[in-house]
Amino acid sequence: FYNSVFTDVKDDIYSNINALSSFYDKVSGVKIAKHTIHENGLRETLFENGVCVYVNYTKNTLKTGLKFGV
């Protein structure tokens, strides 16, 4: 969400609100503690409450050593 223009992403937000509402609840009002752009193009945003978001802004499928839990 860092450096996003609302008008550019609002349609995606509205179309995914039900699926993503629990995520939005976790980061609502929370400051970003760290933002990293990795060599492979993966972007990592760490929020002050410990929630970490990974976003692939490339057109490629990325492989990482990250393990995600549910």
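Student: What makes Phe23 and Tyr24 count as buried or exposed?

Tutor: Both Phe23 and Tyr24 are buried. Buried means under 20% relative accessible area, exposed means over 50%, and partly exposed lies in between (1.4 Å probe, protein chains only). This is a predicted model: local features need pLDDT of at least 70, side-chain atom pairs count only at pLDDT 80 or more, and totals for chains, interfaces and linings use all residues. Residues are numbered from 1 along each chain as its sequence is written, and side-chain values use heavy atoms, leaving out hydrogens and water.

Student: How many aromatic pairs are there?

Tutor: The count comes to 2 aromatic pairs. Rings of Phe, Tyr and Trp (its six-membered ring) pair if their centres lie within 6.5 Å; planes under 30 degrees apart are stacked, over 60 edge-to-face, and the rest tilted.

Student: Why is the pair of Phe6 and Tyr14 called edge-to-face?

Tutor: The ring centres of Phe6 and Tyr14 are 6.4 Å apart and the planes stand at 90°, so the pair is edge-to-face.

Student: Which label does the pair of Phe23 and Tyr24 get?

Tutor: Tilted. The centres of Phe23 and Tyr24 are 5.8 Å apart, with 55° between the planes.

Student: Why is Phe6 called partly exposed?

Tutor: Phe6 has a relative accessible area of 46%, so the label is partly exposed. Tyr14 is at 55% relative accessibility and therefore counts as exposed.

Student: What sits over the ring of Tyr57?

Tutor: The charged end of Arg43, 4.9 Å from the ring centre. The rule asks for NZ of Lys or CZ of Arg within 6 Å of the ring centre and within 35 degrees of the ring normal.

Student: Where is Thr45 found?

Tutor: Thr45 is in strand β2, residues 42–47. Helices (H or I, at least four residues) and strands (E, at least two) are DSSP runs, numbered from the N terminus. The protein chain has 2 helices and 3 strands, in the order α-α-β-β-β from the N terminus on.

Student: Why does Thr45 count as buried?

Tutor: Its relative accessibility is 9%, so Thr45 counts as buried.

Student: Which residues does Thr45 touch, not counting those up to four places away in sequence?

Tutor: Ile32, Lys34, His35, Val51, Cys52 and Val53. Contact means heavy atoms within 4.5 Å.

Student: What share of the protein chain counts as buried?

Tutor: Of its 70 residues, 14%.
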